[in-house]
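Work through the exercises below with the sequence and the model in view. Each task is followed by a solution in steps.

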Amino acid sequence: MQVGLHHYLTVSILLFSLGLLGVIMRRNLLVIYMSLELMLNAANLALVSFSRFNDKLDGQVLVFFIITVAAAEVAVGLALIVALYRKRQSAHVEDLTSMKL
Amino acid sequence: MNASLISLEISVIGLGLVLMLADLFMPAERRKFLGYAAIAALGVLLLASFAGCGSCSLTGTAFHGAFVNDGLSLFFKRLFIIAAILVLFVAVEFSDRLTAISEYYSLIVFALAGMLFAASANDFAMLFVSIELITITFYVLVSFQRNKLASLEAGVKYLILGALSSAFMIFGIALIWGTTGQLNFTELAAVASQFADSKIFLLGVLLVLVGLGFKIAAFPFQIWAPDVYQGAPTPTTAFLAIGSKAAGFVLLMRFLFSAIPSITHSHALSTMLIIVSGITILYGNLCALPQRNLKRLLAYSSISHAGYLLLGVAALNANGQAAILYYLAGYLFTVLAAFLVIALVLRQLETEDVSGLAGLNQRSPLLAATLTIAMVSLAGIPPLAGFFGKFLLLKSVVEAAQTTGNPGYYCLLFTALVGVVISLYYYFNVVRAIYWSKEPKDVSPIEMSGAAKLTAWLCIAGIFALGLFPNAVLNFALLAVGGLK
């Protein structure tokens, strides 16, 4: 069987859906954050496979930008989650309820 | 390639770095005044962009068309610089409640750099990187009061939802690029009509719109706004309300009217814009009604204002686009006036309840007048900036209804008018708390620094000038949107 663009895209969409499911279902901030990274990487996979099968390199260059931005986002995000953990001794979304109507 | 086109951005980034370095050599008690240095430097850049000296107001494209300097980007760049200057004034007043104040200043300046790039983005890579520069900077700015739980909580909520929306957006960009093979907006516009039937391409467009809808806090991507606005330090909230929203709108306008104009003018997408605009207006105004927390109230009001601004997008004509630019200019002064007063008045109070405004007209007539004018302008009462902006937006919707004959536009017009009537109630509730509260507990006068007075007068002057002499800004706005389809 020849592995084609459709297979890669299917995997990419599966990864994206799994990540989205994780963000919605999981209750721990760190796991939610990991799921978000999964979604970003699903987009990376789609870009790289489009790039390979369309013989254009723009997509791969964009992937480098995405990886860099995601690294910056993780640095800030983990620092924030750690700061919150120190304050509340918890990283669960149920505890993020100090602000309500 | 013409790298001198980005001289404005390079200067702003340089300013941010200088502010961070200056922190090392400044004694702690004088760091607060670095804010004035930043304001002065941004003021010089603003003048340079008006005077046309150097290359600050050149037009053209750079980096293979990824970066474009035209009327639209110049209009927004000036708007962003003015916003950053006024936010820095508020930040100086707020500095006693923040640790590491010079980092706060430099983060504001870095966010400004992201907004300047966003104003010029003409390529999906540029769009993504500039929007992330703004968003990631705002994660830190929102959670800057690390010792306050509300601030951290707001930061984490913004982080999770912001990262989610960027994941959607980047997946949308991947799908658009995969089907069309174009990242550049100008080149995409030439081929977009061939893909009008491609499901994958349309899904990509939809996902990019999700990411941009999050930035402007449009329904159904508005859930983050109330908590983040409430928990963030007041200057951050002000910058979020005007800077981040305006950056979202310039990117939305470029994406819809310069990258995919043929899709935007299709029936399906214009209907979607009408529905989103109407629901956003109603949601923001109805949810603002029971609010007692001032910042939360302004958050819901900012959601409804995103809805009003979307009227101009949904109208799909040049007058609507120009009205957006005008409305944002008026909104800039109005929102900053409101947040300046909140930063000053609620300094001693733990809560941000509306009742904290009791007796403000005796404590400081200037602040009372500033907040009243801001509220009246937000409600859309003539002759202030908010009235004329709403008038222009509604007029563009009427025009669209007449040219297309789409009955949806009349429903939208009716919804917007209902929204304005609802909003009168909660805006005048704030005014009533200032002037007609029973037995204010605290009647001690509020000390205002000279800079705070100057900011208040600048905001009042801006609101009145835009409302009384709209033509200058409106003509500039009409010229600026000339390149959009």
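Helices (H or I, at least four residues) and strands (E, at least two) are DSSP runs, numbered from the N terminus. Residues are numbered from 1 along each chain as its sequence is written, and chains are lettered from A and ligands numbered from 1 in the order in which they are written. The model is predicted: local features need pLDDT of at least 70, side-chain atom pairs count only at pLDDT 80 or more, and totals for chains, interfaces and linings use all residues.

**Exercise 1.** Locate Val87(B) and decide whether Val87(B) is buried or exposed.

Step 1. Val87(B) belongs to helix α3 of chain B, residues 71–94.
Step 2. A residue is buried if 20 or more other C-beta atoms lie within 10 Å of its own, exposed if 12 or fewer, and partly exposed in between; C-beta atoms are placed from the backbone.
Step 3. Val87(B) counts as buried because it has 32 C-beta neighbours inside 10 Å.
Step 4. Contact between two residues requires C-beta atoms, placed from the backbone, within 7 Å. Leaving out residues up to four places away in sequence, Val87(B) touches Ile108(B), Pro235(B), Ala238(B), Phe239(B) and Leu336(B).

**Exercise 2.** Find which face of α1(B) is buried and what the buried residues pack against.

Step 1. Helix α1 of chain B covers residues 7–25.
Step 2. Its buried residues are Leu8(B), Glu9(B), Val12(B), Leu15(B), Gly16(B) and Leu19(B).
Step 3. Seen down the axis of α1(B), these buried residues fall within an arc of 120°, so they line one face of the helix; the arc is that of the directions from the helix axis to the C-beta atoms.
Step 4. On the other side of α1(B), Leu17(B), Leu21(B), Leu24(B) and Phe25(B) are exposed.
Step 5. The buried residues of α1(B) pack against α2 (34–51), α3 and α4 (101–120) of chain B.

**Exercise 3.** Describe how α10(B) and α14(B) are arranged.

Step 1. Two packed helices are described by the angle between their axes and the distance between the axes.
Step 2. Axes are lines fitted to C-alpha atoms, for helices over the stretch in contact, and angles run from 0 to 180 degrees between N-to-C directions.
Step 3. The axes of α10 (residues 234–259) and α14 (residues 318–345) of chain B come within 8 Å and cross at roughly 170°.
Step 4. Angles under 35 degrees count as roughly parallel, over 145 as roughly antiparallel, 65 to 115 as roughly perpendicular and the rest as oblique. α10(B) and α14(B) are therefore roughly antiparallel to each other.
Step 5. Among the residues that meet are Pro235(B) and Ala238(B) in α10(B) and Leu336(B) in α14(B). Val87(B) touches these three residues as well.

Definitions and conventions
The expected span of a helix is 1.5 Å times one less than its number of residues.
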